[in-house]
Amino acid sequence: MDVILASSSAYRQRLLARLQIPFSCISPDVDETRLPDEAPAAMARRLALAKARSVARAHPEALVIGSDQVAALGDTVIGKPGGHKAAFAQLRASAGRELAFHTGLALHCAASGFERFHVEPFSVHFRELSDKSIENYLQIEQPYDCAGSFKWEGLGIALFRRLAGDDPTSLEGLPLIALTGLLAEAGLPVLDITRG
């Protein structure tokens, strides 16, 4: 069975490659606008399913993996900053606080009717940060394409007092522990199919 990652994200592609299974990537056509009063976890689940189903319509025999990440600071959803000014504002607002991540994961095969989903919670607890430390961090890593404005797998780890959750790969957008379990449910146990 072909495996397709419904994403153009280089981060998700690198993560899935760690499992050493053959896959291809196709960008889904999904409106990612938040629905009125939609909770972050519900939004992540809905978008992950929508992405998997979108790609599966054109590839019904494939097993499609969809994923979406929603970060929330209190009741405020935090997206990718896109630039320095917004990243600085995000980190300043997060200093000394908890930023909660909800990473939705969906597997869908239209031909067989197989569909599973999971939402992985994870939170980061920021240190108190001075403007100078925020500026120094942003100049070095420039994480402008990352929700929350950090790369935990790099220097961003220095921003935190602690991390809380079961799967840190969810911070990069694809929870591999849950994915491995869902692939097994689909009849594709990772260690049995690795390297063909």
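Mentor: What follows describes Lys51, then Thr169, then the cysteines. This is a predicted model, in which local features need pLDDT of at least 70 and side-chain atom pairs count only at pLDDT 80 or more, while totals for chains, interfaces and linings use all residues. Residues are numbered from 1 along each chain as its sequence is written, and side-chain values use heavy atoms, with hydrogens and water left out.

Lys51 sits in helix H2, residues 40-58 (helices, H or I, are DSSP runs of at least four residues and strands, E, of at least two, numbered from the N terminus). Its relative accessibility is 6%, so Lys51 counts as buried (under 20% relative accessible area; exposed is over 50%, partly exposed in between, with a 1.4 Å probe and protein chains only). The Lys51 side chain makes a polar contact of 2.8 Å with the side chain of Asp68 (a pair of N or O atoms within 3.5 Å, one able to donate a hydrogen and the other to accept it; residues adjacent in sequence count only if both atoms are side-chain atoms). Beyond neighbours within four places in sequence, Lys51 is in contact with residues including Ala6, Val30, Glu32 and Asp68 (heavy atoms within 4.5 Å).

Thr169 lies in the loop between strand E7 (160-165) and helix H5 (176-185). Thr169 is buried because its relative accessibility is 8%. A polar atom of its side chain is 2.9 Å from the backbone nitrogen of Leu176.

The structure holds zero disulfides (cysteine sulfur atoms within 2.5 Å). The sulfur of Cys25 is 17 Å from the closest cysteine sulfur, in Cys146, and therefore too far for a bond.
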